[in-house]
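This briefing is intended to be read beside the sequence and the coordinates.

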Amino acid sequence: MAFGDSVDDEALRAAWHEFCDRLKAAGDLAFKDTSPANALQRADAFRYLTQNLGQAYDLALETKDTRYPRIHPFCGPSRKLGGDNADFVYLQTWIDGASTYRIAGNRGTARFINFTVQGPRPEKDVYYGADHPNLHEPFGDTPEANLTGDDLTTEPDGSFVLYVGGARREPNWLPTSQGSRKLFMRQGFDSWVERSAQFSIERIDMDEPRPVPTPQDLIASMQWAGDFLTGAMTDWPDRELQIGSLFGEPEPNVFPGARFAGTAEQRDARRGRLIVTMPWRLGPDEALIVEFADDGQFWMLTNMGAFWNSMDYLYRPVSYTPSRSAIDSDGRVRMVMAHNDPGVHNWIDTQRFSEGYLTMRVIGSRQLPEVSTKVVTPAELDTVLPADTRRITPQERTGQLHARFDAIRGRYRI
């Protein structure tokens, strides 16, 4: 048997060739203006592309049939996308508004958990108007309904059942609409000892095997995967920078603060969090002090590369939450972002990148802390930081990194 012996050969080959051409074009975007022209960050741009190439067909084909739902780990230690939070676990499953789904498992002990039904995906951004196209797939949906850990009823051992769609069921149920198309599940962790939730999903009336994908299914998946990868390389960080410019050009090394809170309120109310992002740039002999009051909120910091991809949180101290941070005697949290270990507990590693983005999320609150920043040289840190700022020895740093390594592996069962 050879090419042309099947009636679908020509269409399949044409679709695959088109996908490969689009993949090449996506690779060329590693060199765009918003991608820093240095060796480590050029390599990171291609790593970002290959990481998402690894999930393109999981999203486009393997989990796409809403009648046979599967939970897909959207981000993780070896897959970064969309301003992902290093201390979140992101899961998604494609759904439809005609089916009823049953999710069963154990809630775990993550400080925050949220199940969100995502609705229709409009062509234009619903928050910023027709001049701003929507994000690439699978982003851009409208949150329709959500259920947080505070609303989830569990058994004493943490087990639960949640129904999605169909007639109302007690105690745990999420409604769907005709346009519902995705269930997004987020878990947010504070301490290293928290356990991730474990659960699975099924359609409740599933009574026969999933159909074998047809040539037409594969052709559609190749188009979807091409859209996804070119969108991932095109939209990040450019689209977020464009939106940020609506409120004034983002100034490097200065937190944007409350001027973004209005739009974040619209976008994030059902997601259970508020988020702002600071672009940063540091020279070889510069460090950045990030300071704010410890006011009891559940905040999260993640350092990201040029494509809004979280840095290597499995091995490096690039993210912090309240329980893992040292607080000075005046009640303030002081982080030091630096290329080399400055010997303080709250070190944010840059991976030797020259620029990137630092996100702050506040979970379960609509208030952002006032964040101040200051660029100094590493030699100035001892005089600028309070005398009681917690220092750390190389041996203690090794222990800190091992605690991170063990906990992250536990979250993802790797």
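**Threonine 359 and its surroundings**

The side chains of threonine 359 and arginine 361 are joined by a polar contact of 3.2 Å. A polar contact is a pair of N or O atoms within 3.5 Å; within protein, one must be able to donate a hydrogen and the other to accept it, and residues adjacent in sequence count only if both atoms are side-chain atoms. The model is predicted: local features need pLDDT of at least 70, side-chain atom pairs count only at pLDDT 80 or more, and totals for chains, interfaces and linings use all residues. Residues are numbered from 1 along each chain as its sequence is written, and side-chain values use heavy atoms, with hydrogens and water left out.

- Threonine 359 belongs to strand E16 (residues 355-363); helices (H or I, at least four residues) and strands (E, at least two) are DSSP runs, numbered from the N terminus.
- Threonine 359 has a relative accessible area of 0% and is therefore buried; buried means under 20% relative accessible area, exposed over 50%, and partly exposed in between (1.4 Å probe, protein chains only).
- Neighbours within four places in sequence set aside, threonine 359 is in contact (heavy atoms within 4.5 Å) with Ile275, Val276, Thr277, Met300, Leu301, Thr302 and Met304.

- Strand E4 (residues 112-118) is largely enclosed by the rest of the structure, because seven of its seven residues are buried.
- Phe112, Asn114, Thr116 and Gln118 point one way from E4, while Ile113, Phe115 and Val117 point the other way.
- In general, side chains in a regular strand alternate between the two faces of the sheet.
- E4 pairs with strand E8 (residues 182-188) in the antiparallel sense over seven bridges; two strands pair if DSSP finds at least two bridges between them.
- Phenylalanine 115 has methionine 185 in E8 as its bridge partner.
- E4 also pairs with strand E5 (residues 143-148), in the antiparallel sense over five bridges, and glutamine 118 stands opposite proline 143 in E5.

**A four-stranded open sheet**

- Four strands form an open sheet in the order E7-E6-E3-E9, with mixed pairing.
- Strand E7 (173-174) and strand E9 (198-203) are the edge strands, each pairing on one side only.
- Six bridges join strand E3 (residues 101-106) to E9 in the antiparallel sense, and isoleucine 103 stands opposite isoleucine 201 in E9.

**Aromatic rings and charges**

- The structure holds 19 aromatic pairs; rings of Phe, Tyr and Trp (its six-membered ring) pair if their centres lie within 6.5 Å, and planes under 30 degrees apart count as stacked, over 60 as edge-to-face and the rest as tilted.
- The rings of tryptophan 16 and phenylalanine 19 have centres 5.3 Å apart and planes at 35°, so this pair is tilted.
- Both residues, tryptophan 16 and phenylalanine 19, lie in helix H1 (residues 9-28), three residues apart, about one turn of the helix.
- Tryptophan 16 is partly exposed at 39% relative accessibility, whereas phenylalanine 19 is buried at 3%.
- Phenylalanine 88 and tyrosine 90 also form a tilted pair, 5.5 Å centre to centre with 50° between the planes.
- Ring pairs link a cluster of Phe74, Phe88, Tyr90, Phe112, Phe139, Phe184, Trp236, Trp308 and Tyr357.
- Lysine 182 lies over the face of phenylalanine 184, at 5.3 Å from the ring centre; a charge sits over a ring if NZ of Lys or CZ of Arg is within 6 Å of the ring centre and within 35 degrees of the ring normal.
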